[in-house]
2 protein chains.
Amino acid sequence: MSVTRLLTIAVDAMGGDHGPAVVVPAVLDFLAQDPEVAVTLVGLRSPIESLLLASPIYGSVRTRIALHEASQLVSMEESPVLSLKNKKDSSLRVSINLVKSGAADCCVSAGNTGALMATARFVLKMMPGIERPAIATTMPSIRGPVYVLDLGANVDCAPEHLLQFGIMGSILATSPECPQPSVGLLNIGHEAIKGNEIIKRASELLRTAPIRFHGNVEGDDIYKGTVDVVVCDGFVGNVVLKTSEGLAWMLGQMIRTEFNRSFWTRLAGAVALPVLNRFKRRVDHRQYNGASLLGLRGLVVKSHGGADAYAFRHALLYAVTEVRSNVLGRIQEAVQERENLAS
Amino acid sequence: MSVTRLLTIAVDAMGGDHGPAVVVPAVLDFLAQDPEVAVTLVGLRSPIESLLLASPIYGSVRTRIALHEASQLVSMEESPVLSLKNKKDSSLRVSINLVKSGAADCCVSAGNTGALMATARFVLKMMPGIERPAIATTMPSIRGPVYVLDLGANVDCAPEHLLQFGIMGSILATSPECPQPSVGLLNIGHEAIKGNEIIKRASELLRTAPIRFHGNVEGDDIYKGTVDVVVCDGFVGNVVLKTSEGLAWMLGQMIRTEFNRSFWTRLAGAVALPVLNRFKRRVDHRQYNGASLLGLRGLVVKSHGGADAYAFRHALLYAVTEVRSNVLGRIQEAVQERENLAS
């Protein structure tokens with residue numbers, strides 16, 4: 001009689017600005033919602049255990065929670081190189097080890113991005129045929145979520161890297177609702193003659209790839225949902241993400257100021273509140289929490305460091321979706337096919 | 001007895017998506033507001049004249065309007081190289097000629113950006129000491145307008161070019177209210193070790209320049225108003241601008257959808273309308289219309305091609321402010337000083 005292991009996520013319980021205080025409640029809520037998932041919490045026993053025991057949900061999901069001790073912590077400011085060298089028993093590293101050993105299908109951490117990337121590359125290694133890892137996440141668009149990569153793993157990219165990002169992104173975005181995602185290359189004009197030499201060459205390579213390549217897209221196409229996947233180098237992707245965060249923040253501040261200007265505007269604000277709240281929920285960035293570290297021989301998901309429990313639950317959901325849709329296996333297959341074609 | 005010429009702007013009356021139908025009314029309104037400016041309208045006599053004569057304002061400003069005929073038009077899609085070769089009597093080119101000859105202090109065009117840049121470089125030539133022109137404009141921030149450059153003139157930049165952009169941007173942003181603008185270099189982290197080799201070297205160069213260099217900034221710092229001037233290459237700048245346009249558009253669409261959902265939400269929208277309109281006016285992108293082509297031996301201002309009369313008037317105001325603050329003379333001085341220091 002064979003025993004099938006549940007889909008298991010290793011969760012770095014100590015990562016992020018708030019550590020277990022956010023991670024543990026998020027995990028408990030998530031497990032209560034999805035009965036086919038198990039979680040291994042990685043970190044210091046005492047704070048994790050006290051949070052588990054204090055929760056009314058714990059009793060009903062305890063058979064699907066394991067605790068794996070790790071004695072060290074990686075701080076948010078720590079140098080990736082030093083943490084790799086000196087923190088061999090950190091919650092971040094041990095979570096990745098569990099993916100490496102096969103004890104977990106994926107790991108999720110809200111910890112230091114640089115350390116997570118460096119450690120994941122060191123422990124898991126790159127997938128053969130992929131030279132650079134990429135960070136990918138979804139951003140909102142008028143037509144639903146759009147995948148964007150790379151968001152900052154690579155400050156310089158060769159055309160071949162952008163091609164690999166396009167292939168990985170296409171696989172990541174594939175779902176029953178979107179069986180053939182369209183892929184766009186972020187550029188400063190739609191015409192093929194636009195952009196620098198790297199972009200022009202990447203565009204040629206993407207045109208020959210086994211994906212639905214749309215061609216060049218511009219910054220506004222992200223939010224128009226012109227394509228399902230937007231490919232760019234990590235410098236540009238990071239600037240896109242931060243610029244968008246900044247603009248959304250500024251608009252939010254300004255709208256708040258206008259509604260707080262006087263008694264009458266506050267009254268108008270109270271009347272409009274249900275509508276404004278609905279709008280707010282629709283664009284709530286916490287729903288988009290969760291980024292993939294792609295190109296490694298294992299699945300690693302990064303949560304925003306400042307995530308609250310609601311946002312962290314979305315990162316867990318993101319991770320589970322990646323495992324269920326076999327992103328890793330399908331990337332491996334695609335890379336293998338390309339190598340077979342080339343040889 | 002010497003006669004002082006009024007500050008004179010050469011205006012490409014045929015440029016943009018709407019041509020004279022937008023440009024002529026905007027010029028008339030602008031002249032009615034500022035009695036110390038004269039405008040030379042450049043283009044086809046007949047459409048310009050009939051619009052002038054049809055306006056009730058024309059009589060009161062006619063002594064400050066001249067018409068300079070130009071027989072050709074450059075379309076918005078035309079190749080910059082071909083227009084430079086074949087359109088020697090275009091309204092775009094003749095407007096720039098008027099700056100070259102000294103008949104105008106600045107020219108304003110809503111025409112084809114590539115053709116405007118190529119023609120301006122050809123006719124006016126680069127300023128000695130500046131290798132690349134840059135496109136600069138203001139973007140809104142929570143603390144007021146922020147200058148950003150380059151927005152698309154250069155898809156690849158060497159560190160020296162970014163340094164020159166920093167110096168030009170600092171001069172452009174200088175005003176009585178902001179005598180010593182702070183300058184930031186757009187990067188993917190605040191720390192000096194972040195970014196690619198070009199950015200790191202540019203940061204070192206900017207640190208030694210005679211400007212108030214703040215250091216690295218990130219995308220969200222634009223909207224936080226962390227610095228007065230943000231420097232980046234034209235690829236990144238263009239993506240920032242287009243991404244921001246896209247996000248603002250999407251949020252506007254979503255808020256409209258939410259208020260249109262039902263009778264009750266429409267009612268709430270009516271109550272909130274004055275507040276929402278005030279917010280809308282505050283973030284109205286038309287107020288930010290007008291971009292400088294910097295580094296040339298003459299002032300050229302680009303208006304958005306789709307500008308309406310309100311937006312085009314802002315481009316005229318932007319141009320007049322540049323002339324009055326002697327941007328050209330001050331850039332020349334700064335470049336001269338650096339050359340003297342170097343020799």
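This is a predicted model: local features need pLDDT of at least 70, side-chain atom pairs count only at pLDDT 80 or more; totals for chains, interfaces and linings use all residues.
**A look at the two-chain model**

Asp150(A) sits in the loop between β6 (146–149) and α7 (159–173) of chain A. The peptide bond leading from Leu149(A) into Asp150(A) is cis, with omega near 0°. Chain B has a cis bond too, from Leu149(B) to Asp150(B), again with omega near 0°. Asp150(B) lies in the loop between β6 (146–149) and α7 (159–173) of chain B. Another backbone detail turns up at Asn326(A), where phi is near 55°, a positive value in a residue other than glycine. Asn326(A) falls in the loop between α12 (309–324) and α13 (327–342) of chain A. For background, most residues other than glycine have a negative phi, and most peptide bonds are trans.

Next comes the meeting of the two chains. Chain B puts 49 residues into the contact, and chain A puts in 49 residues as well. About 4,800 Å² of area is buried between chain B and chain A, with carbon and sulfur atoms giving 79% of it. Charged pairs show up here as well: six salt bridges are found across the interface of chain B and chain A. One pairs the side chains of Arg282(B) and Glu258(A), at 3.2 Å from N to O.

On the chain B side, α9 (219–224), α10 (234–259) and α11 (263–283) each supply at least two of the residues that touch chain A. The biggest giver among the elements of chain B is α10(B), with 21 residues on the side that touches chain A. By class, the residues on this side of chain B split into 27 nonpolar, 13 polar and nine charged.

Helix α11 (residues 263–283) of chain A packs against α11(B) at an angle of about 145°, with the axes 8 Å apart. The crossing of α11(A) and α11(B) is left-handed. From α11(A), the contact draws on Thr265(A), Ala268(A), Val271(A), Ala272(A) and Val275(A); from α11(B), it draws on Thr265(B), Ala268(B), Val271(B), Ala272(B) and Val275(B). That makes eight nonpolar and two polar residues in the contact of α11(A) with α11(B), and no charged ones.

Within chain A, another helix pair can be described in the same terms. Helix α5 (residues 91–101) and helix α6 (residues 113–124) of chain A pack at about 35°, with their axes 10 Å apart. The crossing of α5(A) and α6(A) is right-handed. On the α5(A) side, the contact involves Leu92(A), Arg93(A), Ile96(A), Asn97(A), Val99(A) and Lys100(A), while α6(A) brings residues including Ala115(A), Leu116(A), Phe122(A) and Leu124(A). Here the contact of α5(A) with α6(A) has nine nonpolar, two polar and two charged residues.

Finally, back to salt bridges: over all chains, the count comes to 30. In one of them, the side chains of Arg324(A) and Asp34(A) meet at 3.1 Å, N to O. This pair links distant parts of the chain, 290 residues apart, with Arg324(A) in helix α12 and Asp34(A) in the loop between α1 (20–33) and β2 (37–43) of chain A.

Definitions and conventions:
Residues are numbered from 1 along each chain as its sequence is written. Chains are lettered from A and ligands numbered from 1 in the order in which they are written. Side-chain values use heavy atoms; hydrogens and water are left out. Contact means heavy atoms within 4.5 Å. Buried area is the accessible area (1.4 Å probe) that two parts lose on being put together, summed over both. A salt bridge is a side-chain nitrogen of Lys or Arg within 4 Å of a carboxyl oxygen of Asp or Glu. Helices (H or I, at least four residues) and strands (E, at least two) are DSSP runs, numbered from the N terminus. Ala, Val, Leu, Ile, Met, Phe, Trp, Tyr, Cys and Pro count as nonpolar, Asp, Glu, Lys and Arg as charged, and the others, Gly among them, as polar. Axes are lines fitted to C-alpha atoms, for helices over the stretch in contact, and angles run from 0 to 180 degrees between N-to-C directions. A crossing is left-handed if the near helix is turned anticlockwise from the far one by less than a right angle, and right-handed if clockwise.
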